[in-house]
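Here are my comments on the model, as numbered points. Please read them with the structure open.

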Amino acid sequence: MGKKVTVVGAGFYGSTTAQRLAEFDIFETVVLTDIVEGKPEGLALDLNQSRPIEGFETKIVGATTGPNGEGYEAIEGSDVVVITAGLPRKPGMSRMDLLGVNAKIVRQVAENVAKYAPNAVVIVVSNPLDEMTALAQIATQFPRNRVLGQAGMLDSARFTNNVAEELKVPVSSVTTLTLGSHGDTMVPVPSKSSVNGKPLAELLPADKVEELVTRTRNGGAEVVALLKTGSAYYAPSAAAARMAKAVAEDSGAVMPVCAWVDGEYGISGVYLGVEAEIGAEGVKKVVETELTAAELAGLKEAAEAVRAKQADVADL
């Protein structure tokens, strides 16, 4: 115990992430912050009152933050900070449509994290994900291994769920992987996807696999279109919380995340969705998995698409 984790942004995503982190019961404190006065404090009070029922001791602390960094002292000494701050998508919007508005928010948050939690590992979940992860690293000036983004865990979970539903099998019997960007250049990896150890290609025709891949790529938009107000948060918060847990426990778990790639797969100098070993210092190492020629080409294409946009964020 003694570990402290902060979730910045008390919307549906942030508050659900805080709940999951508290219920793990491995942290001494979960701090939830927001710019809406009283909201994080109210949610923290509510969450603390659930402790006797759910049987966990982690204390949840709410803190309202101001435009000039007021309130951020609450996050002091955090081991992990999850940044969910920013606007969600509306129907018909792409993740990239959020770039300008969310860049200002994420930069300000990242600067305050650097000031009050200089040793934290930062997990970014704000969209557009790959660009906001790059921006958070620029704004904090943290070593790149200590800033990572949540995307691949969620996209792989969506792919797994899609396959399980199509084949009417338990999700536990399905293994899938997605790499690349969180968006149009997402690279689902059918060659590393299986059901009870059997390759996906042996169980489904190529066009059906491609259909599931497309549904995975549009998974967020599918939820947004149905909800009409707001975007997904149950599955995304589960993914972010598991990443924070791996950091807190220094577990070395291998997860698909948005990490700095420097030479792996013949790609350098970009934040990209890859598999990585996660521990106390963030990304311990990027894990290269064997890809088909087409999958590798897709990953390189994703890297170039993301690189062009990440170059722009430094000025936002």
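1. α6 against α8. This is a predicted model, and in it helix α6 (residues 152-167) packs on helix α8 (residues 206-217) at an angle of about 140°. Their axes lie 9 Å apart. The cut-off for roughly antiparallel is over 145 degrees, and α6 and α8 are therefore oblique to each other. The crossing of α6 past α8 is right-handed. On the α6 side, the contact uses Asp155, Arg158, Phe159, Asn162, Val163, Glu165 and Glu166. On the α8 side, Lys208, Leu212, Val213, Arg215 and Thr216 take part. Sorted by class, this contact holds six charged, four nonpolar and two polar residues.

2. α5 against α11. What angle do α5 and helix α11 (residues 293-313) make? The value is about 40°, with the axes 9 Å apart. Roughly parallel would need an angle under 35 degrees, so α5 and α11 also count as oblique to each other. Their crossing is right-handed. From α5 come Asp130, Glu131, Ala134, Leu135 and Ile138. They meet Val306, Lys309, Gln310 and Val313 in α11.

3. α1 against α10. Helix α1 (residues 12-24) packs on α10 at about 45°, and the axes are 8 Å apart. That angle makes α1 oblique to α10. α1 crosses α10 in a right-handed sense. The α1 residues in the contact are Tyr13, Thr16, Thr17, Arg20, Leu21 and Phe24. Facing them in α10 are Tyr234, Pro236, Ser237, Ala238, Ala240, Ala241, Arg242, Ala244 and Lys245. By class, this contact has nine nonpolar, three polar and three charged residues.

4. Domains. How is the chain divided? Domain 1 covers 4-149 and domain 2 covers 152-312. The centres of domain 1 and domain 2, taken over C-alpha atoms, are separated by 22 Å. Across the boundary, 33 residues of domain 1 contact 39 residues of domain 2.

5. Domain interface. The size of an interface is often given as the accessible area lost when the parts come together. For domain 1 and domain 2 the buried area is about 3,100 Å². Carbon and sulfur atoms account for 69% of that area. Which three residues supply more than any other three of the area that domain 1 buries against domain 2? They are Arg89, Arg95 and Asp130, with 19%. Asp130 also belongs to the α5 side of the contact with α11.

6. Backbone around Pro128. Most residues other than glycine have a negative phi, and most peptide bonds are trans. The bond that joins Asn127 and Pro128 is cis, with omega about -5°. Where is Pro128 found? The residue lies in the loop between β5 (121-124) and α5 (129-140).

7. Backbone at Asp250. Phi of Asp250 is near 50°, a positive value in a residue other than glycine. Asp250 is in the loop between α10 (234-248) and β12 (253-262). Please check both backbone features, the cis bond of Asn127 and Pro128 and the positive phi of Asp250, in your own viewer.

Key: Residues numbered from 1 in each chain as written. Predicted model: local features only at pLDDT ≥ 70, side-chain atom pairs only at ≥ 80, totals over all residues. Heavy atoms only, no water. Axes fitted to C-alpha atoms, helices over the stretch in contact; angles between N-to-C directions. Helix = DSSP H or I, 4+ residues; strand = E, 2+ residues; numbered from the N terminus. Parallel < 35°, antiparallel > 145°, perpendicular 65-115°, else oblique. Left-handed = near helix turned anticlockwise from the far one by under 90°. Contact = heavy atoms within 4.5 Å. Nonpolar A, V, L, I, M, F, W, Y, C, P; charged D, E, K, R; others polar. Domains from an automatic or database assignment. Buried area = accessible area lost by both parts, 1.4 Å probe.
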